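Me: I have a few questions about this one. Keep the answers brisk, please.

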Amino acid sequence: MATYMRSVFSFLSVEKILLAKQGIAVLPKRGVRALRRTPVKVIYPEDEVVKRAKPPAVEVMESAGRRSRREQTATVADPARTKNSDPLLSKHSLPSVRKDEVDGLRFEKAFPGDKRLARVVSVARSRTFREHQGKILLEGKRLICDALDAGAKPQMVFFSTVERLQQLPLHKLRAATLVKVKFEEIKTWSEVVAPQGVIAIFSRPEPSQLSFTGVDHSVPLSLICDNVRDPGNLGTMLRCAAAAGCHNALLTKGCVDAWEPKVLRSAMGAHFRLPIYPNLSWTEVQNYLPKQTTVHVADNHRETAAQQVITYDKPAKAGDYGWISTRQNHKKARYDDFHSDSDSDDENEEFSFTSLESKLYHDPWAHGPTAIVIGGETQGLSAEAVELAQCSAGQRLFIPIVPSVDSLNSAMAASILLFEGRKQLLTQTSGRKLGSKR
């Protein structure tokens with residue numbers, strides 16, 4: 001039996017050697033399986049030339065050798081191609097920077113794990129960053145198009161599809177970095193319920209750098225926002241000011257940032273339709289008002305007959321009216337153009353002033369350059385606003401409401417007064433034109 005097994009193993013070794021010489025690879029098998037398999041030799045006709053397939057390992061080695069010989073030949077012919085021939089050194093072959101093109105404008109495709117959108121959006125929501133770095137965040141096709149039409153400078157644009165990008169004026173985006181990201185990422189960082197798939201970072205513009213449309217339809221009417229801290233209310237006020245054709249909008253210190261994303265969405269592009277000057281002191285407010293401007297304050301409270309008697313018996317104070325705050329925003333407030341008779345320097349002393357005349361909003365009160373001060377719903381009007389109105393011969397504009405309602409929303413009051421002021425100014429202008437023709 002041992003002799004028989006030795007003869008079988010010697011026969012298999014001889015067969016393996018013969019098959020290897022013929023180019024046929026035989027894998028070693030164990031036990032009885034090797035006895036069951038009989039190698040079959042295919043006999044081809046004598047006049048047919050058969051190209052036998054080479055083992056995979058041999059084919060890979062030969063192809064690598066041919067490629068290396070070609071690279072060596074190219075290097076000798078042109079040494080400058082040595083650096084560019086390496087795909088690992090090529091910029092466009094990196095998986096993190098994949099670029100494409102649409103209408104001659106190149107854009108990048110964000111790679112998995114790209115944190116640029118998350119980093120930019122989270123930082124742009126900070127008021128400190130917006131003021132120090134001079135960047136603002138705009139979301140949506142309409143808002144971005146309004147900014148581009150006004151001359152704002154884009155820095156980065158994130159979009160989900162090429163179709164979304166093509167909806168924007170591409171010729172105005174050549175200086176910006178375009179990055180295509182997944183819609184899920186935009187949806188994650190967007191603050192709207194139904195995002196449009198495009199977010200842009202712009203340089204924070206100054207009013208002097210923008211070209212505003214509708215200047216021909218403006219009237220000498222200014223909006224002054226005093227301690228308006230609700231983003232929705234401020235955005236609505238700016239939108240009404242733009243619709244009423246105001247000359248400008250002035251925001252005092254204490255107001256919410258005009259470039260906050262929620263304010264931008266509520267304003268619906270008003271930032272790019274009229275000049276907006278934020279974070280002003282009451283001394284600086286005068287510098288943005290035309291000369292001989294009459295400042296009126298919005299009043300949602302009209303005192304009764306009993307309260308009028310009390311007002312005449314003692315000096316009027318801010319707290320007596322219920323529609324202004326007794327706290328001054330700045331100590332020793334001074335006005336160069338509108339002189340004040342108050343010489344009180346005590347920080348804790350309440351500001352006293354004579355009672356302003358109250359007038360219904362539909363009575364004539366806009367006779368020339370006019371400004372309307374709207375206070376916040378929480379803080380109300382400041383004492384500086386009332387002082388400025390008193391020194392410019394302004395009045396308290398009263399909007400009557402039913403007794404069961406406490407007050408109007410500040411944005412709604414601003415809308416009523418701004419459009420009433422526009423109507424009175426246009427009526428006065430048209431009357432002058434008719435008089436000149438006669």
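Me: How many disulfides does the structure hold?
Reply: This is a predicted model. A disulfide needs two cysteine sulfur atoms within 2.5 Å. C225 is in no disulfide, as the nearest cysteine sulfur, that of C255, is 5.6 Å away. The number of disulfides in the structure is zero.

Me: Which cysteine has the sulfur closest to that of C246, and how far away is it?
Reply: C246 is buried, at a relative accessible area of 5%. Its sulfur is too far for a bond with the closest cysteine sulfur. That partner is in C240, and the distance is 9.2 Å.

Me: Is C225 buried or exposed?
Reply: Buried means under 20% relative accessible area. C225 has 0% relative accessibility, so C225 counts as buried.

Me: Where is K359, and which residues is K359 in contact with beyond its neighbours within four places in sequence?
Reply: K359 lies in strand β11, residues 358-360. At 18% relative accessibility, K359 counts as buried. Leaving aside neighbours within four places in sequence, its contacts are P364, W365, Q395, R396, L397 and F398.

Me: What separates the C-alpha atoms of K359 and D299?
Reply: The two residues are 60 residues apart along the chain. Their C-alpha atoms are separated by 9.3 Å.

Key: Residues numbered from 1 in each chain as written. Predicted model: local features only at pLDDT ≥ 70, side-chain atom pairs only at ≥ 80, totals over all residues. Heavy atoms only, no water. Buried < 20%, exposed > 50% of the residue type's maximum accessible area, 1.4 Å probe, protein only. Helix = DSSP H or I, 4+ residues; strand = E, 2+ residues; numbered from the N terminus. Contact = heavy atoms within 4.5 Å.
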